[in-house]
Amino acid sequence: NGGEKIEMMDAIGTTIHAFDYKDGWYDITDGGGFSLTIKDPAATDPNLWDEKAGWRPSAAVGGSPGEDDTGDTPAIGSVVINELLAHSDTIVYDWIELHNTTSQPINIGGWFLSDDNDGDPNRMKYEIAAGTSIPANGYVVFYEDVHFGNPSAPGCNIPFQLSENGETLYLQSGQFGTLTGYVEEEAFGASDKDIAFGRHQKSTGSFNFVAMSTNTPDAANAYPKVGPVVITGIMYHPQTNSDAEFVELKNISGSSVTLYDFVTNEPWRFVDDADDPGIEFYFPTAPVTMTPGQVILLLKNEAAFKAEYGINSLNGITYYEWLNGGLSNGGEKPELQMPGDINAQGQRQYIRIDRVSYDDTTPWPTEPDGTGQSLTKPAAKHNLYGSDPQNWTHAAPNPGE
């Protein structure tokens, strides 16, 4: 159940076929009753059997031993969760947008939408009406008050709403009231009022599900929301002293930004990984305000920083030390956050302002990995999405400038 190697040999021990599968590729094949099914058994590339991209869940529970179920469900990625609003405020109700990425209409009647906010593993909370079709390259939107949150709506088996504190949304195909093997899911974090999350394709071809600059239900997604404060420089692997790490923040907006929330009476914070923070720096409770264009430096250790870069004075640049924890030389996800609401377990949730999921390998610049260079976001790209490697370069450290 945890994944392993499968091998087929002939009578004299020669390997005919061998590959490794992993239990984490698809949740529904790991105890959910569906089998792992190779997408293209005639493919000649042996690497396809060792990668998630080469496999899909079976079309039906129990798999299709001795038969071919190709075409019984759409190809993976044909229908995606494209955008959602989870923190409706002046916009009164939550909504969910699905997108058909293909050039042919797709019938999603009998499919299901569900969430996991209440801990209920039920994946059949809202059944999409029979005959519902998404046009080629088109969109369909479901609303809380009309569809998935309305107990009197046809198909609403268990009413639900999306959590402003973040959760996971599921789309799963179905037929005749039972689940079939097409699954899409999107995990999202805490969100600000009336700000939707949506898919954004990076220069690498992969997608992130992030806050949008504009809500666009039933239309192509807008560009991600960037700022008002962004990460513009990261020294994650100093050349000689690991304590000389630093992160540079800049207010790219035309207004002052206070790194303190007066509703919750809590400051903003910086973490190296929101899911497992080693660095957890909280800004002062005496509110810090960044003027338009202002830079703030976060230093691991002031003395090491000054010695490493030959700096005697920071010339009036505002800076803070985080002291405990460090940035990974192999890549991670430093993030600037503002306080959000408290969840049902009494834990403060944080809303992402900016995150950089950097790496020390291409397509990210590799020069910052111990050569004395820093990972730098050029001024012309300060207003572009932070986790896309094409928006970063390398430069000699010039912190605060």
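Predicted model: local features only at pLDDT ≥ 70, side-chain atom pairs only at ≥ 80, totals over all residues.
Residues are numbered from 1 along each chain as its sequence is written, and side-chain values use heavy atoms, with hydrogens and water left out.

Taken along the principal axes, the C-alpha atoms of the chain fill a box of roughly 75 × 65 × 40 Å. Out of 401 residues, 45% count as buried; buried means under 20% relative accessible area, exposed over 50%, and partly exposed in between (1.4 Å probe, protein chains only). As for contacts (heavy atoms within 4.5 Å), 58% of those between residues at least 6 apart in sequence join residues at least 24 apart.

Now for the helix, α1, which spans residues 302-309 and has E302, A304, F305 and Y309 buried. These residues cover an arc of only 165° around the axis, which puts them on the same side of α1; the arc is that of the directions from the helix axis to the C-beta atoms. Over on the other side of α1, A303 and A307 are exposed. The buried residues of α1 pack against β16 (229-235), β17 (246-251), β24 (295-299) and β25 (318-321).

Both ends of the helix have something to show. At the start of α1, the backbone nitrogen of A303 has a side-chain oxygen of N301 within 3.1 Å. After α1 comes G310, with a positive phi near 60°.

Further along, the loop between α1 and β25 holds L314, which is buried at a relative accessible area of 9%. L314 and L297 are 17 residues apart along the chain, and their C-alpha atoms are separated by 9.7 Å.

Elsewhere, 13 residues line the second largest pocket, and I6, Y21, K22, T29 and L36 lie nearest its centre. A pocket here is an open set of points on a 1 Å grid over the protein atoms alone, where a 1.4 Å probe fits, with protein on both sides within 12 Å along at least five of seven lines; lining residues have an atom within 4 Å of a point. The lining of this second largest pocket divides into five nonpolar, five polar and three charged residues, with Asp, Glu, Lys and Arg counted as charged, Ala, Val, Leu, Ile, Met, Phe, Trp, Tyr, Cys and Pro as nonpolar, and the others, Gly among them, as polar.

How values were computed: Helix = DSSP H or I, 4+ residues; strand = E, 2+ residues; numbered from the N terminus. Polar contact = N/O pair within 3.5 Å; in protein donor to acceptor, adjacent residues only side chain to side chain.
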